[in-house]
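Here is a short tour of one protein chain. Keep the sequence and the 3D view open as you read, and look up each residue as it comes along.

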Amino acid sequence: MENRGENLKLAGLAPVGVLPENQNEGVGSLLIQYGLPECRDAGIDAVVVLGDPGYYSRFGFERASEYGLGNEYGADEGFMVKPLTEGALDDADGIVTYQPEFQQDEE
Ligand SMILES: CC(C)(COP(=O)(O)OP(=O)(O)OC[C@H]1O[C@@H](n2cnc3c(N)ncnc32)[C@H](O)[C@@H]1OP(=O)(O)O)[C@@H](O)C(=O)NCCC(=O)NCCS
């Protein structure tokens, strides 16, 4: 992350995908609900996601801008964050940048 809060350890949740024939069976929810505590146990402070607020809000993700976090894609309500420990984002303020792998063009 750029700017203040550069010592924060963030993880990006992406991509989440479930085969069409298996959607709406709870698979996506299980993946996310399993992954979040794993991230916390690995020392991650907060998890960001770019996606549909209607879906990710059910896992406690909130609009990242409420925590002073922007993103490099110009997304607004679709850019969300979930702190994994209390107060993890109290001093956060800056632009979250994804690792280079996320920038690669599809071939
Ligand atoms: C989004 C996705 C991962 C959800 O996985 P899933 O296993 O089908 O989801 P679950 O079974 O855990 O949850 C289903 C619930 O989520 C809701 N939901 C699914 N996609 C949603 C969306 N984009 N916005 C809001 N709600 C959504 C369903 O309506 C359902 O609601 P209900 O519990 O009230 O019936 C899956 O639909 C998918 O792979 N979609 C295509 C790829 C994609 O859009 N990925 C997200 C990239 S950020």
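Predicted model: local features only at pLDDT ≥ 70, side-chain atom pairs only at ≥ 80, totals over all residues.

Zoom out and you'll find an open sheet of four strands, with mixed pairing and the order S1-S2-S5-S3. Its edge strands are S1 (10-12) and S3 (62-63), each of which pairs on one side only. In general, strands of a sheet pair through backbone hydrogen bonds, either parallel or antiparallel.

Here is how the pairings line up:

| Strand pair | Direction | Bridges |
|---|---|---|
| S1 and S2 | parallel | three |
| S2 and S5 | antiparallel | five |

Val47 is a handy landmark here. Ala11 stands opposite Val47 in S2, and Val47 also has a bridge partner in S5, namely Lys82.

How many residues of S5 are buried? Four of the five are, so S5 is largely enclosed by the rest of the structure.

**The core**

Next up is the largest nonpolar core, which has 19 residues. Among those with the most contacts inside it are Val47, Val48, Val49, Met80 and Val81. The elements that give two or more residues to this core are S2 and S5 (79-83). Which one gives the largest share? That would be S2, with four residues.

Take Val49 as an example and look at its contacts. Leaving out residues up to four places away in sequence, Val49 touches Gly12, Leu13, Ala14, Tyr56, Phe61 and Met80.

H1 has 15 residues and reaches 22 Å from its first C-alpha to its last, close to the 21 Å expected at 1.5 Å a residue. After H1 comes Gly43, whose phi is positive, near 90 degrees.

Is Gln33 buried or exposed? It is exposed, because 12 other C-beta atoms lie within 10 Å, and a residue counts as exposed at 12 or fewer. Gln33 and Phe59 are 26 residues apart along the chain, yet their C-alpha atoms are separated by 7.4 Å.

Now step back into the loop between S1 and H1, where Pro15 sits. A cis peptide bond joins Ala14 and Pro15, with omega at about -15 degrees. Asn24 is found in the loop between S1 and H1 too. Asn24 has a positive phi of about 65 degrees although it is not a glycine.

**Around the ligand**

Finally, have a look at the ligand. Of the 15 residues around the ligand, Gln23, Gly28, Ser29, Gly51 and Gly54 come nearest. The shell divides into five nonpolar, eight polar and two charged residues. Which helices supply at least two residues each? They are H1 (27-41) and H2 (53-56). H1 gives the most to this shell, with three residues.

Notes: Residues numbered from 1 in each chain as written. Near = placed C-beta within 6 Å. Nonpolar A, V, L, I, M, F, W, Y, C, P; charged D, E, K, R; others polar. Pairing = 2+ DSSP bridges. Core = buried A, V, L, I, M, F, W, Y, C linked by C-beta atoms within 7 Å. Buried ≥ 20, exposed ≤ 12 C-beta atoms within 10 Å, placed from the backbone. Contact = placed C-beta atoms within 7 Å. Expected span 1.5 Å × (residues − 1).
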